[in-house]
Amino acid sequence: MSSAVYLLLVLCCHQRLASGSRALREQPVVGSSLNNTLLMMWRDSNDKCDLVMNLSAKDRCAFVKNTPDCNMEHGFINYLHVTFCLLPPNLTPLTIILCIIWLLCLFLILGLIASKFFCPNLSAISTSLHLTHNVAGVTFLALGNGAPDVFSAIAAFSHPHTAGLAVGALFGAGIFVTTVVAGSIALVKPFAVASRPFLRDVIFYMVAVFWTFIMLYRGTTSLGEILGYLSLYVVYVLTVIISAYIYNRQKNSINSSVRSDAHNPEFHSSDSSDEEVVPSLTAGSIQQEYESESESEYRPLLPYSESTSQILLSSLNPVDNRKWRRKSWSWRVLKVLKTPLEVLLLLCIPVVDPDKEDRNWRRPLNCFHLITAPLVCVLAFQSGIYGVYMIQGQFPLWLLILLLGFFLSAIVFCTTTNDRPPKYHPLFALLGFVVSAVLISAAASEVVSLLHMLGVVLSLSNTVLGLTLLAWGNSIGDCFSDITIARQGYPRMAIAACFGGIIFNMLFGVGIGCLVQMVNTHTGVQFETEGLLTWVLAGSLGLSMVLSFVIVPLSRFHLGRTYGIFLLVFYAIFLLIALLTEFGQIHLV
């Protein structure tokens, strides 16, 4: 569906561009009067970068260089400069195709870093801090699952002219997850949702959406409001903890009464206890249990000690031979494509696994991480601006970090052994968390810059790009994982992940993004809403949540296939209305 919609967008945009160019050619031009007229138009329109497509091919490069709106401070590549200054105009369609392929690669990088490095290190940190499952789930686990969405929103909100990307992505992902993902779960595995957690999550999300709508309507916000906006998630976390505490006390009292009245068979007919235990399981624990059993079959009978070189080579191999044999050919093809990237990331990001006996301690590789991880942070942070920074104009910062890394690596290598992790090994989880966050932020900045270029070239608004490409790219992994969890027999867990994650993404994506914009501009945040489409997006998300809040209790909290079909149809209608609004077919009178 997304490919067909995107082709429709490209065709409509080319028609719009062709008509705009034809209108310009039909105007009488004497000398450079056209350029002078356009220059005045640029100044009067606050230097909007999307006007570049109304110029001739030879004037576009100068426009891009001299227009502030075309300058993206974040991102390693200036895609607009590459498109209009380095490549010939007749290669623009090929450039768009290559950019879309690169966009898919960036989404793959985001998902890989989040799943293989960011989340495991967050899990290790939460284990080291002895956090309960409820607290870890709504804090560290939510941050791990929503890292691509949050960092993309922060990168987009750092500039007022790309804030529409963040609004479109967060609202678009909210609609996508609460309709397509939730509807697919209901179709795959009809079930009865837990009433109190469902109502709690829906209410908090509706409050977050309404608060965001108010800020967009006013077009501005203040520091106090943003802090209150972020504190809403603190209230949500406290509500989850308190409700879990109350439920556990009630369950313990019921269990004690059952034990005291064991002769009464009526107490053994309760069907709620098994249902409430299910959400404490995870798909990862099921897979982990299976893999631990399979590993025990391949475990050597006699103790075997690997050499340092063997440990280094085995730790850099991302392919599990047992998993490779039982997986499908499509998984193998994708694994082959991801292997070079995984090897590079394994060289840069340490991973601590508290479930293993040695906590994934790999002495040669972890010592090498002390060299590469800080260096990657310096080169990737803020799109590499510190990579060329000179201390007092004489000594490069990256060289100092490299020398310090060599020094620390030598100390750790000489004071540790291959068999036993040191006491400070949990600090490697913190290092892996920082490096993963920096790389995710860098990749998210590239996504925002690339989507901004596609919006300029295709004459698409940032909001429609956010609610389609950015929302789909960030949510497609959650969609497949939640559906898989539902197929395994845990639909309650899957639906809880749908609503719990988007609350965190909305509040932290908008809140932290606004704080970053305040720091950069030293003024209040200004929202540049893109007309009717923004209100269609916000209204559709609010309507979907209100309908779920009404329909689900009326159906006695049973999510069946009829409800799943309704959600999918709702998303299709919303997408159609959004695209018609973008192309001017629906407009205010």
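## The largest cavity

About 60 Å³ of space lies in the largest cavity of this predicted model. The structure holds six cavities of 30 Å³ or more.

Which helices each supply at least two residues of the lining of the largest cavity? They are helix 7 (147-157), helix 8 (163-188) and helix 19 (462-487). Helix 8 gives the most to this lining, with five residues.

## Residues of the lining

The residues that line the largest cavity are Asp-149, Ser-152, Ala-153, Leu-165, Ala-166, Ala-169, Leu-170, Ala-173, Leu-470 and Asn-474. Sorted by class, the lining has seven nonpolar, two polar and one charged residues. Among the residues of the lining, Leu-165 and Ala-166 count as nonpolar, while Asp-149 counts as charged.

## Helix 13 and helix 16

Another part of the model is the contact of helix 13 with helix 16. Helix 13 covers residues 308-315 and helix 16 covers residues 363-380. The axes of these two helices come within 7 Å and cross at roughly 70 degrees. Angles of 65 to 115 degrees count as roughly perpendicular, so helix 13 is roughly perpendicular to helix 16.

## Residues in the contact

Which residues of helix 13 meet residues in helix 16? On the side of helix 13 they are Thr-308, Ile-311, Leu-312 and Ser-315. In helix 16, the residues they meet are Arg-363, Pro-364 and Leu-365.

By class, the contact of helix 13 with helix 16 has four nonpolar, two polar and one charged residues. Arg-363 counts as charged, and Thr-308 and Ser-315 count as polar.

Key: Residues are numbered from 1 along each chain as its sequence is written. This is a predicted model: local features need pLDDT of at least 70, side-chain atom pairs count only at pLDDT 80 or more; totals for chains, interfaces and linings use all residues. Side-chain values use heavy atoms; hydrogens and water are left out. Axes are lines fitted to C-alpha atoms, for helices over the stretch in contact, and angles run from 0 to 180 degrees between N-to-C directions. Helices (H or I, at least four residues) and strands (E, at least two) are DSSP runs, numbered from the N terminus. Angles under 35 degrees count as roughly parallel, over 145 as roughly antiparallel, 65 to 115 as roughly perpendicular and the rest as oblique. Contact means heavy atoms within 4.5 Å. On a 1 Å grid over the protein atoms alone, a cavity is a set of points where a 1.4 Å probe fits but cannot get out, and a pocket is an open set with protein on both sides within 12 Å along at least five of seven lines; lining residues have an atom within 4 Å of a point. Grid points are joined across faces, edges and corners, and a volume is the space filled by probe spheres set on the points.
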